[in-house]
Amino acid sequence: MSAILETSELPAVFDGVKLAAVAAVLYVIVRCLNLKSPTAPPELIYQDSALARFLLKSCPLLTKEYIPPLIWGKSGHIQTALYGKMGRVRSPHPYGLRKYLTMPDGATATFDLFEPQSEHCIGEDVTMVICPGIANHSEKQYIRTFVDYAQKNGYRCAVLNHLGALPNIELTSPRMFTYGCTWEFGAMVNYIKKTYPQTQLVVVGFSLGGNIVCKYLGESQANQERVLCCVSVCQGYSALRAQETFMQWDHCRRFYNFLMADNMKKIILSHRQVLFGDNMKKPQSLSDADLSKLYTATSLMQIDDNVMRKFHGYSSLKEYYEKESCLQYLHAIYVPLLLVNAADDPLVHESLLSIPRALSEKKENVMHVLPLHGGHLGFFEGSVLFPEPLTWMDKLVVQYANAICQWEKTKPHCSDAEQAMSAQE
């Protein structure tokens, strides 16, 4: 009798274990994918002003819910991973002309120039000058997708190729791009201003590119001449403050750090002959010992300390990060400035977001946009599983630029100097 009871109870026990296991897996999936996280309009931090009110009326995306793909879109990690792995889906192939500029130190800067495919909404000549993310260039899919969309909205686009990033372009001096060097971007902007004397500029920077464009504008008021506005997406604002958070394991930042460092090592090593070979022009502090340390580096900070800072002669990593970050230049930007971050960006620690928040609470020309989801340069949209080719980010940047163009055309005109004095007050 007891044997009969035991055999009848065992299946029930196993069924209970299976049910518990399934429940545990579902719980982990729900937590990891943040399926219970709500969709909402982005948080906006700004000062009440005529410009802000105009933007809220002219940019519906600022006040509309950002709805990511239902199954995975609320996970910042998946958004970031998909961006990093495939860039975008069904990415177009806009046609551009590659331009070459010789820098004073012998380096060859390159950028790609794309002409507009339609008339701009205000009927004028407007050029977007674009700085991509770390080690990126005009051939990256997320850049191609954005450029194609901007062209169709009447913008000429100039996209900087970070020095050393293009695999088919050799370095002509022992220097690569760094975290905040603005030389190549400035050369591209000056070329556009000289070649198209009637054009006005919209400055756009993604991730590391956001740091570079903000630093460039803040370095000199002359750099802001003929600039309508600036948009920075997913930057970290202060490398010095970010380095500590980038070594932490929460939100897998240390793992992302390792992956990005590995990619940087490959790029640097592809130019090892120019950077570490017998070259009289190479930085005296750059030695074979640094090449050995590069092979064993597991973080961006190690690479920056052993290699990147030495291109510009910084004595320490702290000095490099302080001088190359846009933090000390943000207050000097008087053109309209849109700072976009995602609350679930695994690369940008939430403590860094106090920088754009404080700036937008102080300056009338600055607006900080913080959606709940989007990851790092993801911002995919879609109904359930498959994302759309265009992202929320692509649409927002163009929508904001269109609004600023309309604002500049309708508001009373004043000189750049008057605008600067008004912003400083």
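Predicted model: local features only at pLDDT ≥ 70, side-chain atom pairs only at ≥ 80, totals over all residues.
Reader: Which residues lie nearest the centre of the largest cavity, and which helix gives the most to its lining?

Author: The lining comprises 28 residues, and those nearest the centre are Tyr179, Leu208, Phe246, Met260 and Leu300. At least two lining residues come from each of the helices H7 (208-219), H8 (239-245), H9 (253-270), H12 (300-306) and H13 (317-324), and it is H12 that gives the most, with 4 residues. Sorted by class, the lining has 19 nonpolar, 8 polar and 1 charged residues.

Reader: How does the lining of the second largest cavity divide by class?

Author: There the division is 5 nonpolar, 6 polar and 1 charged residues; among the residues that line this cavity are Thr108, Thr110, Asn161, His162, Glu170 and Thr172.

Reader: Which residues does UniProt list for "active site", and why can they be said to gather at one spot?

Author: An annotation of this kind may be inferred rather than shown by experiment, and here the UniProt record, an unreviewed entry, lists Ser207, Asp345 and His376. These residues span 170 residues in sequence, yet no two of their C-alpha atoms are more than 11.1 Å apart, so they gather at one spot. Of the listed residues, Ser207 and His376 belong to the lining of the largest cavity. As for Asp345, its place is in the loop between strand E8 (337-340) and helix H14 (354-362).

Reader: Turning to helix packing, at what angle do H5 and H15 pack, and how far apart are their axes?

Author: A packing is read from the directions of the two helix axes, and in this case helix H5 (residues 141-152) and helix H15 (residues 392-410) pack at an angle of about 35 degrees, their axes lying 10 Å apart. The crossing in which H5 passes H15 is right-handed. On the H5 side the contact is made by Thr145, Phe146, Tyr149 and Ala150, and on the H15 side by Asp394, Lys395, Val397 and Val398. By class, the residues of this contact divide into 5 nonpolar, 1 polar and 2 charged.

Methods. Residues numbered from 1 in each chain as written. Heavy atoms only, no water. Axes fitted to C-alpha atoms, helices over the stretch in contact; angles between N-to-C directions. Left-handed = near helix turned anticlockwise from the far one by under 90°. Contact = heavy atoms within 4.5 Å. Nonpolar A, V, L, I, M, F, W, Y, C, P; charged D, E, K, R; others polar. 1 Å grid on protein atoms, 1.4 Å probe; cavity = no way out; pocket = protein on both sides within 12 Å on 5 of 7 lines; lining within 4 Å.
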